[in-house]
Amino acid sequence: MKEGIYYIGASDTEIDLFENQYPVPEGMAYNSYVIIDEKTAVMDTVDARVTEKWQKRLTETLGDRKPDYLVVQHLEPDHSANIGWFAEKWPEATIVLTAKAAQMLPQFFADIKFKTQTVKEGDTLNLGKHTLQFIMAPMVHWPEVMMSYEQTTHSLFSADAFGEFGATTENGEDDDDWTPGARRYYYNIVGKYGVQVQGVLKKAAALKIETIYPLHGPILRENIGEYVGHYANWSSWKAEQKGIVVAVASIHGNTAKAAETIVEKLKAQGVESKLIDLTRTEVSYAVAEAMDHEGLIVAASSYDAGLFPPMENFLLHLKAKSYQNRKVGIVENGSWAPTAGKIMRGILESMKGIEIVEPMVTIKTKPNETVWAQTEEMIKALTGKK
Ligand SMILES: Cc1cc2nc3c(=O)[nH]c(=O)nc-3n(C[C@H](O)[C@H](O)[C@H](O)COP(=O)(O)O)c2cc1C
Ligand SMILES: [Fe+2]
Ligand SMILES: [Fe+2]
């Protein structure tokens with residue numbers, strides 16, 4: 001690695017669910033870096049799952065040196081698991097962190113005494129040729145988060161921001177397209193905090209950034225403008241893909257069939273459309289698709305005087321991630337007393353800037369002509385096409 005910055009992160013290819021919820025079929029990278037200069041700084045630690053690999057890489061990279069600093073940008077356990085080990089091995093090294101992180105640190109390591117230095121917006125830490133400048137990033141996506149900008153190499157250590165699901169090579173590289181994995185990661189992990197992301201992007205706009213060193217996913221060395229552009233869109237809940245997602249949760253298949261027909265109808269009108277079966281699609285993928293499209297139709301069976309749970313789960317996840325500023329159509333199904341629609345409407349109405357297009361479509365088991373007429377009207381209201 002060039003310019004005195006060394007990648008010492010490690011990937012876990014055995015892990016099934018990141019944060020016990022997000023499928024990571026391609027594994028997960030936990031990144032950490034060492035800056036070797038007159039003074040030596042370690043940038044974050046890693047998750048307990050890759051402790052051994054990281055400790056080996058760290059000690060090999062340090063050689064005879066002792067670290068002077070451990071910069072802690074984020075205290076979530078996937079980055080902080082090894083702070084205790086570090087402090088006990090090198091008690092004379094200084095832990096550099098925000099005041100909020102210093103306040104939270106004892107919750108994670110009650111029995112360890114730390115030598116700490118707290119930093120705030122704009123503070124710098126000179127290492128020799130390299131100087132770290134600290135950028136506060138509260139609630140992206142925890143309160144104690146900061147980023148660090150290295151002034152000589154124009155490097156942004158971006159904490160969890162700009163991360164991606166998936167493993168990387170030993171050099172922190174990955175050949176796959178960054179965008180799909182980074183999008184699902186963004187909307188599900190950082191998603192709720194778009195306003196705070198916008199705040200940090202504003203500060204970053206004043207900096208020349210040549211390389212982004214995130215805490216997950218590959219190091220970003222090219223097309224920085226493109227990545228920052230995606231974050232500008234995602235943090236303002238702006239759809240990058242045209243068209244409408246039709247998300248369906250059907251017990252016996254009738255609602256699913258109707259949803260397929262709706263997708264065909266939309267396509268026939270020249271509106272791009274994508275069907276998502278919520279009973280077969282893990283919810284983080286469904287959330288990312290909904291967020292990334294212009295419009296949404298939700299279609300679900302009634303269930304025990306309520307709503308079929310895969311749809312309820314999806315809507316609650318969308319709400320948790322602050323899905324907003326979209327038009328949404330509703331299709332419900334019930335064989336005797338449909339209840340799904342009212343519940344879908346209630347959850348959607350509790351979200352910001354959601355316009356529910358009328359009429360809501362009610363199917364009684366199988367669609368009839370009246371239902372299709374209602375559906376046409378709902379589609380018209382949603383797409384604005386006649
Ligand atoms: C466990 C269970 C509970 C159901 N509860 C209701 C209900 O409370 N009200 C209703 O009208 N239909 C109820 N239904 C019928 C479903 O809503 C019915 O399967 C659906 O309307 C037909 O669409 P589908 O083939 O997409 O599931 C229930 C079905 C099942 C299997
Ligand atoms: Fe995190
Ligand atoms: Fe993380």
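What share of the contacts in the protein with a separation of 6 or more comes from residues 24 or more positions apart? The figure is 70%, where a contact means that two C-beta atoms, placed from the backbone, lie within 7 Å.

A word on the ground rules. This is a predicted model, in which local features need pLDDT of at least 70 and side-chain atom pairs count only at pLDDT 80 or more, while totals for chains, interfaces and linings use all residues. Residues are numbered from 1 along each chain as its sequence is written, and chains are lettered from A and ligands numbered from 1 in the order in which they are written.

**Overall build**

Out of 386 residues, 46% count as buried. Buried here means 20 or more other C-beta atoms within 10 Å of a residue's own, exposed means 12 or fewer, and partly exposed is in between, with C-beta atoms placed from the backbone.

**Two domains**

The domain assignment (bounds from an automatic or database source) gives domain 1 (5-234) and domain 2 (241-380). Their C-alpha centres lie 38 Å apart. Where they touch, 9 residues come from domain 1 and 10 residues from domain 2. On the domain 1 side, β4 (22-23) and α5 (178-190) each supply at least two residues, and the largest share, 4 residues, belongs to α5.

K238 sits in the loop between α7 (224-234) and β16 (241-249). It counts as partly exposed because it has 14 C-beta neighbours inside 10 Å. Its C-alpha atom is 9.4 Å from that of Q324, 86 residues away along the chain.

**The core and its strands**

Nonpolar side chains tend to be buried together in soluble globular proteins. Here the largest nonpolar core holds 116 residues; such a core is a set of buried Ala, Val, Leu, Ile, Met, Phe, Trp, Tyr and Cys residues joined through C-beta atoms within 7 Å. Among the residues with the most contacts inside the core are V298, A300 and M344. Leaving aside residues up to four places away in sequence, M344 touches V298, A300, L307, M311, L315, I330 and E332.

Strand β20 (residues 326-333) is largely enclosed by the rest of the structure, because 7 of its 8 residues are buried. Its pairings are set out below; two strands pair if DSSP finds at least two bridges between them.

| Strand pair | Sense | Bridges |
|---|---|---|
| β18 and β20 | parallel | 7 bridges |
| β20 and β21 (residues 354-356) | parallel | 3 bridges |

A300 stands opposite E332 in β20, and K327 has E355 in β21 as its bridge partner.

**Around ligand 1**

There are 20 residues around ligand 1, and I251, H252, N254, T255 and G334 come nearest. (A residue is near a molecule if its C-beta atom, placed from the backbone, lies within 6 Å of it.) The elements giving two or more residues to this shell are α8 (254-268) and β18 (293-303). By class, the shell has 7 nonpolar, 12 polar and 1 charged; Ala, Val, Leu, Ile, Met, Phe, Trp, Tyr, Cys and Pro count as nonpolar, Asp, Glu, Lys and Arg as charged, and the others, Gly among them, as polar.
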